[in-house]
Amino acid sequence: MPIPHSLSRAARNAVDTSAMLQDAPRTPDKPKAQLRRYEVSSLLPNGDVSQTRHIAPALPMFEDAFCAFTRGSLVETKTGPMAIEDLLPGDTVLTQDGSSQTVLWKGSVTLVPGREDSRGRTRPLTRITADTFGMQKPLSGVIAGPAARIVGTPAHLRHLHGNETILTPVHEFQDGMSVIETLPPTPIELFHICLKRHSVIKVDGLQFETYHPGVNAVRMISHSLRSIYLNLFAHVDSLNDFGPLLMPRAGDGEVDAITA
């Protein structure tokens, strides 16, 4: 008995559409933007100190504003060395040129340096043993954050900068002996400070810079994120309000030029 045309047509359609009924191949999920909690203390115009908490992207430009000094780092102030965690906006720190400046802003963040973020990056710390850069430089062992820069030029960068005084990320000095990378598996609290102008201060006997986003900041951050970033700093309204850099900086394969 012949199969009716309607049934044979239905059979062909079932064969033709079988591939469509299979599960479509799944595209890998895009990594979600990671957020981080940032703690901020700011000096207000009336002299009060405002303490705020912000949720913002865990992007390098955001994290670099908070990741220079570990808890216990000693900052030279007018009244003597003070632990970074005890320093508050309104306190006065000593700068490289012998003058003193008021701290306008202090930021802190807690992160796990050995834990990878959504892009597979870690934020290693740098341990510097006592007397690495000379007598009492540093005074004792120092653990600096990934955003810390000190005055000096490591040997492998001297052919680029000669005798020019520059600020260099501490990780560029790692030699596996007296300056080593460390990735603690537990949470670490990190800090940074802002003064009225970009400066060099003494921390544990070494010359570190205060926070400045760099002259390339405009190219590093999108317009959509700029307002979120600036909201972290009560003492500035635009990136230009951070002022000029005190001296050139090495880092990320380029040198920030000094701008007037």
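**Salt bridges, buried residues and pockets**

In this predicted model, the side chains of R53 and E39 come together in a salt bridge, with an N to O distance of 2.9 Å. R53 is exposed, at a relative accessible area of 54%, while E39 counts as partly exposed at 25%.

That pair is part of a count of 9 salt bridges. Another one joins E85 to R71, at 3.9 Å from N to O. Both of these residues are in loops, E85 between β5 (80–83) and β6 (92–94) and R71 between β3 (69–70) and β4 (74–77), so the contact ties together parts that are 14 residues apart in sequence. E85 is partly exposed, with 22% relative accessibility.

E189 comes out as partly exposed, at 25% relative accessibility. Elsewhere, R36, E63, D64 and R123 are linked in a network of salt bridges. As for the general idea, side chains of opposite charge can pair when their charged atoms come close.

Strand β14 also holds H192, which is buried at 1% relative accessibility. Leaving out residues up to four places away in sequence, H192 touches D64, A65, F66, A68, F69, W105, K106, G107, E209, T210 and Y211. D64, one of these contacts, is also one of the members of the salt-bridge network.

Back in strand β2 there is A56, again buried, with a relative accessible area of 1%. Its contacts, neighbours within four places in sequence aside, are Q34, L35, R36, Y38, F62 and I228. The C-alpha atoms of A56 and I228 are separated by 7.1 Å, although the two residues are 172 apart along the chain.

Zooming out, the protein chain has 6 helices and 18 strands. Of its 260 residues, 41% count as buried. Among contacts between residues at least 6 apart in sequence, 59% join residues at least 24 apart. The accessible surface comes to about 14,700 Å², and carbon and sulfur atoms account for 52% of that.

The largest pocket holds about 830 Å³ of space. It is lined by 40 residues, and P60, E63, D64, R123 and P146 are the closest to its centre. Elements giving two or more residues to this lining are α3 (60–63), β8 (105–111), α5 (217–220), β17 (249–251) and β18 (254–256), and α3 has the largest share, with 3 residues. By class, the lining splits into 15 nonpolar, 10 polar and 15 charged residues.

The second largest pocket takes up about 210 Å³. Of its 14 lining residues, F133, K137, V151, L206 and Q207 are the closest to the centre. Strands β11 (149–151) and β16 (206–209) are the elements that give two or more residues to the lining, which has 7 nonpolar, 4 polar and 3 charged residues.

Key
Residues numbered from 1 in each chain as written. Predicted model: local features only at pLDDT ≥ 70, side-chain atom pairs only at ≥ 80, totals over all residues. Heavy atoms only, no water. Helix = DSSP H or I, 4+ residues; strand = E, 2+ residues; numbered from the N terminus. Buried < 20%, exposed > 50% of the residue type's maximum accessible area, 1.4 Å probe, protein only. Contact = heavy atoms within 4.5 Å. Areas by Shrake-Rupley, 256 points an atom, 1.4 Å probe, with all protein chains shown as cover. Salt bridge = Lys/Arg side-chain N within 4 Å of Asp/Glu carboxyl O. 1 Å grid on protein atoms, 1.4 Å probe; cavity = no way out; pocket = protein on both sides within 12 Å on 5 of 7 lines; lining within 4 Å. Points joined across faces, edges and corners; volume = space filled by probe spheres on them. Nonpolar A, V, L, I, M, F, W, Y, C, P; charged D, E, K, R; others polar.
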